[in-house]
Amino acid sequence: LYVRFSVYGSAAADAEVSARLDGKSGATRLELPVVKMAGAETTYQIDVPLASIARGDFLIAVEASHGDERARVLVPLRIVP
């Protein structure tokens, strides 16, 4: 599963972006590699390896930070058979 997103704001080009897959309890299940898209300064892609994830409900947590500024978004994900 590919998840693409953009980071906006005055510090977006210099932001440090990370992502992880969290379980229902909020515990981190997997750190997800974030790749900057070619030709797009503030657009990123995450590759979520569905084959290695059991069925159930999860959250993809995406975080961007620059200095004291931080932003986080949670994307719900349900894996069904």
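**Stop 1: the whole chain**

Start with a surface view: the accessible surface of the chain comes to about 5500 Å², and 52% of that belongs to carbon and sulfur atoms. Accessible areas here come from the Shrake-Rupley method with a 1.4 Å probe, and for residues only the protein chains shown count as cover.

Before going further, know that this is a predicted model, in which local features need pLDDT of at least 70 and side-chain atom pairs count only at pLDDT 80 or more, while totals for chains, interfaces and linings use all residues. Residues are numbered from 1 along each chain as its sequence is written, and side-chain values use heavy atoms, with hydrogens and water left out.

Now switch to cartoon. You'll find 7 strands and 0 helices, so-called by DSSP runs numbered from the N terminus: helices are H or I with at least four residues, strands are E with at least two. Draw a box along the principal axes and the C-alpha atoms fill roughly 40 × 25 × 15 Å.

Colour by burial next. Of the 81 residues, 31% count as buried, where buried means under 20% relative accessible area, exposed over 50%, and partly exposed in between (1.4 Å probe, protein chains only). As for contacts (heavy atoms within 4.5 Å), take those between residues at least 6 apart in sequence: 52% of them join residues at least 24 apart.

Colour by charge if you like. The 9 positive and 10 negative charges have mean positions 12 Å apart. Lys and Arg count as positive and Asp and Glu as negative, with His and the chain ends not counted; each charge is placed at NZ of Lys, CZ of Arg, CG of Asp or CD of Glu.

**Stop 2: strands 6 and 7**

Select residues 56-66, which make up strand 6, and then residues 69-79 for strand 7. The two pair in the antiparallel sense over 11 bridges; strands count as paired if DSSP finds at least two bridges between them. Click on valine 62 and look across: valine 73 in strand 7 stands opposite.

(The rule: a side-chain nitrogen of Lys or Arg within 4 Å of a carboxyl oxygen of Asp or Glu.) The pair links aspartate 57 in strand 6 to arginine 78 in strand 7, 21 residues apart. Aspartate 57 is partly exposed at 29% relative accessibility, and arginine 78 is exposed at 60%.

**Stop 3**

At arginine 20, the bridge partner in strand 6 is alanine 61.

Which residues are linked with Arg20 in a network of salt bridges? Show Asp22 and Glu63, and you have the network. Arginine 20 meets aspartate 22 at 3.0 Å, N to O, and reaches glutamate 63 with the closest N and O atoms 2.8 Å apart. Arginine 20 lies in strand 2 and glutamate 63 in strand 6, so this pair ties together parts that are 43 residues apart in sequence.

Check the burial colours here too. Arginine 20 is buried at 17% relative accessible area and aspartate 22 is buried at 4%, whereas glutamate 63 counts as partly exposed at 28%. The salt-bridge count for the model comes to 3.

Stay on strand 2 and pick glutamate 16, which is exposed at 60% relative accessibility. Its C-alpha atom sits 5.3 Å from that of serine 65, 49 residues apart along the chain. Leaving aside neighbours within four places in sequence, glutamate 16 is in contact with Glu63, Ala64 and Ser65.

**Stop 4: tyrosine 44**

Is tyrosine 44 buried or exposed? At 5% relative accessibility, tyrosine 44 counts as buried.

Not counting residues up to four places away in sequence, tyrosine 44 touches a list of residues including Val3, Phe5, Ala12, Val17, Val34 and Met37. For one more distance, tyrosine 44 and serine 18 are 26 residues apart in sequence and 9.9 Å apart in space, C-alpha to C-alpha.
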